[in-house]
Amino acid sequence: MRRGFFLSLAVLCISTGGAAQTVDEAISELRAGAYESAIDVLGEIAESQEGPDLSRADRRRAYVAFLSALAEVGRYEEALEAARQAPPAFSTEIANTTGEIFYQLGRIDEAREQFNRSVQGGAIDRNSALLNLAIIEWTYGDRDTAFASFDSFIDLYNGSTPLSSDDLMAVATAVEYLGIREHELFQDALRAYDEAVAADPGDLEPGIAIGELFLGKYNGSEADAALREVLDRNPNHPRALLGLARAMEFNGSVGLMEQVDRALEQNENLVEARAFKARLLMKVENHDEARAELQKALDVNPTSLEALSVLAASHFLRGETEEYEGVRDQVNRLSPNYAGLYNDIADLSVESRKYREATLVAEEAIATDPLSWRAYGILGTNQLRLGLIEEGRASLQTAFEGDPYNVRTYNTLDLLDTFENYEVNEDDPRFVFVVHEREAALLQPYIEQITEEAYEALVERYGGYEPPLPIRIEVYPSSADFSVRTIGLAGMGALGVTFGSLIAMDSPAARPLGDFNWASVLWHEMAHVFHLGITDHNVPRWFSEGLAVHEQRQAREGWGHQAAPSFLMRYREGMLLPVSELNSGFVQPSYPEQVTDSYLQASLVFAFIESRWGLQAIRDMLNEYRDGRATPDVLEGILDVSMDDLDRNFDDYFKERFAAPLAALAPPANSPGIPQNPRTIEDWTRVVQENPGNFPARLALGITLLQEERLDEAEGHFQAARDLFPEYAGGDSPHWFLAQIHRQREETDLAEASLSRLTALNESHYEGFLQLAELRTELGDADGAAEAMDGAVLIYPYEVDLHDRLAAAHQVRGDATGTVRERRAILALEPADLAGAYYDLARAYVTADEPEQARRSILRALDIAPNFGAGLDLLLDIRNGTSTVRPEQPQSGRR
């Protein structure tokens, strides 16, 4: 029931005197979450005899509050027993509260009977009972009748009688239902909720309802704020705790499962919390525990539509057709118009990356309830994920017309309006490239190169398997746009996403310089295309993410997540999850860095598996997932190990692989004379003297000495730090500092060696690649210089000078294709000397033996600079078929 069973107690706090004051104090304790003491006091008052110190009104107030308090903490049967023992004179006044308890237990007929008693008896909360009858009609009966009843609350609001907080809550809830047909009324609902708060600032129910309304409109920040305001006043309120958990899920906050458990600690019979927890467990593919939670929910309310829908989704996702159909049919019998069944299945299908199934189930939701704007949104979003752009736009437009307050729908339609600014390239039948028009000329050649290389490498890695074609690759110059394309909201931290044969990702312009290597991300997403295709989207998230990072490392040394001191420190502190629980690290992180840690950890699992069992074992595991096997069965069947065995074996592998750096990260000895917070060279020297094998101390001392330009001393400590943790290549890597020392001393060979190691471990160190290219050029290593500059382009391809140097390097090494590509990139960046750039491109085409392209390019140069002498000479040579490229400097069209 939308309003729940938490009666607003505004109408009760009206009397004064000894007994009344005691009731008021008990109600204040109840609202503050001191449930046990409130229940004790209210129960005693409810059972007391009326007399000079206890009026009938006070006793009735206590009785209603007593039932509400029991219900709020899930003691439903006790509450019903108390209601049965209530004096007959109170039967009307407690009827609505009693009906709400029956409703929570799924005893709908008995709930309806109580609501009718309240209405017919003219109880003070009869408007709440009338609302509850309309909700029952909406859920289980005739919706036109329900809408007529909801509509009557507008007349109630516009009447002359002052309304209590309870009445305003009923109005707001009714208007919220009416908003399904007339979306403008959602604003009126919010206003009525605000008025309910003003009518009784102590009533928590309106604040919870406001949070839930915001969450229903995908406004996570407002929902979070509203619910936290409630919890500031009652930190134990079960529904508010659950509402905050829902907001936390929406906002991607850490500690989600713990938050749900807090709600259940207060009310172990809160059916909605059990169903929500089951959803979270299913997101980490733990269906057994999810079903245990659902059984607890159904033990309380055997007809809970929410719990039954999640149970149906579990059977659906596990391929248990007969069981699924049984639960589905049960829900349809209970509530023929309940689209929530199919919407929940569709949402949970998306969590399992079954996007095609989500569209099919969303269509069933629409057939069940044509007013389910949520279903149209799910359908449209997943049609877009399948590359059905126009179909998705149409579905989302329908969703928006029905509910324009849905932020995700609005954002996605807004993004679709920008698609006219993207160039679509379908020259290769295997791929569809979608790149923004201002970047297409620059990025397209590089994207094609990496995509083709990845595709061919992965076909070979996976035994000739080819995924469904074409693969659509969308590249967004705005990280916010990429995020909206993925989840309908800005702010997602990911760099790329794969929906099957559709990839969306950030372009290098979407993030700060050096933030990521776009080519490595593209390779990662291409790996997902293969893994999802092979398994028919049945692969666990930890498996696919770890394997994709592992594939990045197969492509280039240094690609993919790499171990850092902070990662190993968290291992030392016991924060990393065992392999058997890694899904939680991706989906429900318990600390801010856990998602990133889980990517790296899962990739190391596959380094371990491939080193011990070989690539074929990984291929076989993917095939087992395709056939519907669960992870424990896959491990037993292919690797001949249990899940516990893999946890132990991987932990042994991890400790062996990182033995040296783990030891070097041990806390330094706390000896006398060592400062607690070392800052100076002298402080750090004392720490190092006592702990010569401590990596952080060596690194800190080296940095402190380098800041004082004491290069020789700093070098020794950086070398020691490097030897203690040779794999570390972060921003403060010893490799980087050693390279800078060697460059300052003009020790070119040593600087080149340090930067070679750094860039082999860090895919995104842009300055490291640039410096390495310079050093290799000085050493006469044209191939090595070109390789380093190629690496820089894969991080940030927007600098003309980089492409110019790379083109020259390709020309020296005789790579005509590379020279053309770089000269085209310079043109795409619109340099100041455009004529000169076209001239250089023409010369590159001559070298590549493409005379027609050379002729077109030089004509463009001459259009800009008609008196360009070198250009005229080159055009004549091209026409005569005598053109050759001489080793000369690029010409300026302005000469």
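Mentor: Start with E293. This side chain is buried, because its relative accessibility is 8% and buried means under 20%. Keep in mind that the model is predicted.

Now find the partner. E293 forms a salt bridge with K296. The closest N and O atoms of this pair are 3.9 Å apart. A salt bridge needs that nitrogen within 4 Å of the carboxyl oxygen, so the pair counts. Both residues sit in helix α16, which runs over residues 287-300. They are three residues apart, so about one helical turn separates them. The two partners differ in cover. K296 is partly exposed, because its relative accessibility is 41%, whereas E293 is buried at 8%.

Now widen the view. E293 and K296 belong to a network of salt bridges. D261, R274 and K277 are linked in it too. A search of the whole structure finds 58 salt bridges.

Compare another bridge. K217 and D403 meet through their side chains, with 2.9 Å from N to O. K217 lies in the loop between α11 (205-216) and α12 (220-233). D403 lies in the loop between α22 (389-402) and α23 (407-416). The pair therefore ties together parts that are 186 residues apart in sequence. Both K217 and D403 are buried.

R722 is partly exposed, with 26% relative accessibility. D723 counts as exposed at 53%.

D151, D155, E182 and E184 form a patch of negative charge on the surface. Take D151 from that group. It lies in helix α8, residues 143-158. Its relative accessible area is 41%, so D151 is partly exposed.

W138 lies in helix α7, residues 126-140. At 9% relative accessibility, W138 is buried. Leave aside its neighbours within four places in sequence, and W138 is in contact with R143, A146, F147, F150, Y177 and I180. W138 and S335 are 197 residues apart in sequence, yet their C-alpha atoms are 9.2 Å apart in space.

T451 is the other one. It lies in helix α24, residues 437-461. Its relative accessibility is 0%, so T451 is buried. Again leaving aside neighbours within four places in sequence, T451 is in contact with F431, F433, I473, L522 and M526.

Finally, step back to the whole protein. It has 46 helices and five strands. Of its 895 residues, 57% count as buried. Its C-alpha atoms fill a box of roughly 115 × 75 × 55 Å along the principal axes. Consider contacts with a separation of 6 or more: residues 24 or more positions apart account for 60% of them. The accessible surface is about 36100 Å², and carbon and sulfur atoms hold 46% of that. There are 78 positive and 148 negative side chains. The centres of these two sets lie 1 Å apart.

How values were computed:
Residues are numbered from 1 along each chain as its sequence is written. This is a predicted model: local features need pLDDT of at least 70, side-chain atom pairs count only at pLDDT 80 or more; totals for chains, interfaces and linings use all residues. Side-chain values use heavy atoms; hydrogens and water are left out. Patches are made of residues with over 30% relative accessible area and no salt bridge: like charges are joined within 9 Å, nonpolar side chains (Val, Leu, Ile, Met, Phe, Trp, Tyr) within 5 Å. Accessible areas come from the Shrake-Rupley method with a 1.4 Å probe; for residues, only the protein chains shown count as cover. Lys and Arg count as positive and Asp and Glu as negative; His and the chain ends are not counted. The place of a charge is taken as NZ of Lys, CZ of Arg, CG of Asp or CD of Glu. Helices (H or I, at least four residues) and strands (E, at least two) are DSSP runs, numbered from the N terminus. Buried means under 20% relative accessible area, exposed over 50%, partly exposed in between (1.4 Å probe, protein chains only). Contact means heavy atoms within 4.5 Å.
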